[in-house]
Amino acid sequence: MSILKTLIFYAEKNDPVVIEAKRSASELSQVDFLHVDELIPYLQNAEWPEMIRTTFPFKLKERFNGALVINRVFTLADTELFDVLNAWSKNERWFHIKVQPLLNLARQLTHDVGLRGVSKCLLPLNVQWYYIQREREDISLPNFSYAMSYESPKNQLMTAPMQKSVWSLFDWKAERNISVGEQRRHRFFVESPKGTPVICYFLGKDTRGLVFPRTNIDVDEGLFAKLADLASSLFESALGEILTYVEDDGSVRFYAFSPFMRSSTGSASFSEHIKTWLGGRQATAAI
Amino acid sequence: MSATPLVAESQSLYSTESMDCLLEVAEATSFAPEILDSVLWRRLETMRARLSRLISPNEGDLINKAISTAYDDLPPSRQARVLMSAEFYDCISKISRDAKLQKNEKAIELEHAMHLSVLFDIISRERAIHELSSNVESRYLANCRPDKVWSPVGDVVAQRNQQGVWTLSHAPTIGDVVAIDFDSPLAEDYDPRSGVLSQTRLVFSAEEKELVIERLQKALDVIDSLEPIYGLLIRNFVRRVIVRKSVEQGGVEAARELGSGVFGSEHVHRQPGSIRLLNLHLDECTLVLCVEKLLHESTHNFLAAWETANGPFVTNDEKYRPISPWSGNPIPNSSLVHATFIYYMCHRLFEAFIASDFGSAQEDAERIRNKLGLFAAGFLIPKSVYEQLMLVGPPRPEVRLTLGTMQENIQQRYGYSA
């Protein structure tokens with residue numbers, strides 16, 4: 001079986017997957033990288049209804065055509081493209097709409113369209129919990145309250161409510177990513193996690209690793225494998241990491257899924273796993 | 001067509017029970033005027049039925065009987081004004097909700113009595129205004145402490161002068177029938193769930209009031225001219241525009257830094273027939289913005305009227321809110337269904353806007369095009385709008401088809417496939 005050509009399409013310079021893949025690039029064949037800023041020459045400001053004119057050359061399309069596209073364009077923050085779109089007064093949505101024909105050329109995509117909240121891989125916390133609960137009632141989820149507009153949060157049933165941003169997936173020690181607006185409006189509180197945090201990352205169907213940010217504990221790997229599979233399927237992501245807390249009685253509570261892989265990157269096995277996974281991808285293999 | 005023919009019986013031939021009729025209105029087809037009329041009628045009939053379920057004249061206590069007597073005394077056109085007012089709906093929805101609350105019996109009774117007394121007051125105010133229009137000072141006014149008494153629909157005010165004489169005046173209107181409300185008790189309410197009524201309440205100067213009325217009238221003129229059906233929709237379904245000032249001229253930047261919405265606007269389901277708009281007096285408020293806000297919120301009123309008559313599109317669990325592909329904000333399921341219709345209709349209106357003389361000024365043209373881009377974007381993101389809903393129970397079966405039709409139409413218009 002032939003190796004499936006792979007394009008890593010990314011936006012964040014410090015993206016853990018990109019860093020690890022670049023580190024191993026010399027040992028891997030047919031792995032290609034494309035940063036969103038490289039598309040700027042093929043974009044032009046245009047008036048409605050066109051909004052943005054794209055003139056993607058054949059060579060560029062060929063890089064997507066038939067490839068496994070590891071779509072890592074989750075946010076345009078800190079890119080030149082962001083400034084370009086701003087200067088043109090064009091909403092980020094239009095970039096995603098215009099780049100979709102390129103993604104459509106891919107043979108496989110690791111994540112769906114990267115638009116916060118609309119993409120299944122970038123859902124807010126409570127929406128993630130909704131999908132998990134709908135699929136599997138037996139998975140423990142955090143207790144939370146979500147106020148409407150400026151109304152007071154109903155936190156009576158929580159022992160240690162913690163104000164969170166619905167968008168802040170992995171910030172559970174102290175919330176550092178909450179906007180001024182969210183602090184005052186549509187206030188979201190979650191019962192503070194108890195126990196030991198355990199992160200499980202997954203790359204495709206077969207490569208998984210556990211990360212213990214605080215303390216190493218014995219866990220049921222089979223259970224984590226099942227949780228990772230569930231997250232992969234519900235959040236339409238071939239790559240990702242899930243955050244759980246193992247509580248004192250040994251039960252596991254699911255907190256979040258993230259496609260960013262920022263917490264996995266510190267683990268000793270992550271680098272090796274990325275290399276193995278990229279090296280092992282094959283045209284017919286499921287990802 | 002008159003906006004207030006509320007006393008004759010409904011004659012509509014077009015069935016408005018299916019959501020299909022809403023697409024006819026969105027597309028402003030030849031059926032639309034009849035549908036708009038029919039939906040209005042059905043809302044009126046639903047309100048009448050709800051009142052008779054709540055109040056039984058032959059049973060119950062004094063307050064029940066008094067409400068019934070006061071209501072029956074009103075001529076049918078006045079009854080209709082009560083039934084179609086935002087205040088009435090707000091009150092009866094609280095009464096219905098009381099019954100479902102898990103409280104002790106005493107607490108339920110007290111709350112129920114409070115809402116019934118509000119209902120009695122609503123009907124009595126319309127009655128007092130009716131009597132005063134025939135130069136009769138009612139017992140209600142004779143016993144009234146405040147100097148101003150508003151009609152429940154918000155269009156007429158009885159006012160007492162220093163000599164104790166009551167006279168009637170009319171609230172300013174746009175399109176002859178839509179009252180602009182700067183300072184009624186409803187406009188001065190505080191509601192923490194509201195993005196508008198939770199904001200600081202500053203006093204409008206007379207000039208600012210004039211400016212706001214002028215801007216809204218101009219916006220309605222533009223809508224009337226571009227799509228008369230949408231103008232008709234506004235006249236039929238919006239009785240009252242509540243306007244609040246929360247930011248002084250020059251204070252926009254500072255307000256935004258605090259995370260406050262400067263040009264917030266909303267409709268709330270329990271106050272149909274009214275919309276709320278924020279800070280239309282500011283220099284930054286443009287004609288394009290006013291046109292969008294007026295159509296956007298009025299369409300909410302229309303859709304809510306249809307839901308009142310036919311049942312909700314979807315159920316909501318506020319703990320779980322889908323993300324709007326237009327704004328990126330978490331919003332309730334019902335708001336996402338509304339938003340789809342609203343952006344579809346705004347897109348349709350703004351296509352006519354850009355092609356018209358109104359949109360010929362360069363600055364306005366740029367604003368209109370930007371808005372068109374925004375309205376279209378939510379439909380063009382390669383995700384089904386329907387699939388974003390976080391349903392807790394089965395939706396009406398037509399929801400998927402109706403939302404899908406609108407999304408496909410816009411995708412085709414722009415040459416994108418789903």
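In this predicted model, B:Val337, B:Thr340, B:Phe341, B:Tyr344, B:His347 and B:Glu351 of helix H12(B) meet B:Val399, B:Thr402, B:Leu403, B:Met406, B:Asn409, B:Ile410, B:Arg413 and B:Tyr414 of H15(B). Contact here means heavy atoms within 4.5 Å. Helices (H or I, at least four residues) and strands (E, at least two) are DSSP runs numbered from the N terminus.

A word on conventions: residues are numbered from 1 along each chain as its sequence is written, chains are lettered from A and ligands numbered from 1 in the order in which they are written. Because this is a predicted model, local features need pLDDT of at least 70 and side-chain atom pairs count only at pLDDT 80 or more, while totals for chains, interfaces and linings use all residues; side-chain values use heavy atoms, with hydrogens and water left out.

**The helix pair**

Let us stay with those two helices. H12(B) and H15(B), the latter covering residues 398–414, pack at about 30° with their axes 10 Å apart. Axes are lines fitted to C-alpha atoms, for helices over the stretch in contact, and angles run from 0 to 180 degrees between N-to-C directions. Angles under 35 degrees count as roughly parallel, over 145 as roughly antiparallel, 65 to 115 as roughly perpendicular and the rest as oblique, and H12(B) and H15(B) are therefore roughly parallel to each other. Their crossing is left-handed, the term for a near helix turned anticlockwise from the far one by less than a right angle.

**The nonpolar cores**

The largest nonpolar core has 144 residues, and those with the most contacts inside it are A:Phe9, A:Trp94 and A:Phe95. Helix H12 (residues 333–354) of chain B gives the most to this core, with 13 residues. Such a core is a set of buried Ala, Val, Leu, Ile, Met, Phe, Trp, Tyr and Cys residues joined through side-chain atoms within 4.5 Å. Buried means under 20% relative accessible area, exposed over 50%, and partly exposed in between (1.4 Å probe, protein chains only).

Leaving aside neighbours within four places in sequence, A:Phe95 is in contact with residues including A:Phe9, A:Val36, A:Leu39 and A:Ile52. A second, separate core of 65 residues includes A:Val17, A:Trp167, A:Ala228 and A:Ile242.

**A three-stranded sheet in chain B**

Three strands of chain B form an open, antiparallel sheet in the order E1-E2-E3. Two strands pair if DSSP finds at least two bridges between them. Strand E1 (148–150) and strand E3 (166–170) of chain B stand at the edges with a single partner strand each, so one side of each has no neighbour in the sheet. The twist averages 25° from one strand to the next.

Five bridges join E2 (residues 156–160) of chain B to E3(B), and B:Val157 stands opposite B:Ser169 in E3(B). E2(B) and E3(B) form a hairpin with five residues between them, and B:Gly164 in the turn has a positive phi of about 85°. Helix H6 (residues 105–133) of chain B packs on the sheet, touching E1, E2 and E3 of chain B, and its direction makes about 100° with that of E3(B).

**Backbone details and loop residues**

Most residues other than glycine have a negative phi, and most peptide bonds are trans. A cis peptide bond joins A:Trp48 and A:Pro49, with omega about 5°. A:Pro49 is found in the loop between strand E3 (43–45) and strand E4 (52–54) of chain A. A:Ser89 has a positive phi of about 55° although it is not a glycine, and phi of B:Asn279, also not a glycine, is positive and near 60°.

| Residue | Relative accessibility | Class |
|---|---|---|
| A:Ser89 | 47% | partly exposed |
| B:Asn279 | 0% | buried |
| B:Ser85 | 0% | buried |
| A:Ala67 | 0% | buried |

A:Ser89 lies between helix H3 (80–87) and helix H4 (92–103) of chain A, and B:Asn279 between strand E8 (274–278) and helix H11 (287–310) of chain B. B:Ser85 sits between helix H4 (76–83) and helix H5 (86–100) of chain B; leaving aside neighbours within four places in sequence, B:Ser85 is in contact with B:Pro152, B:Val153 and B:Pro272.
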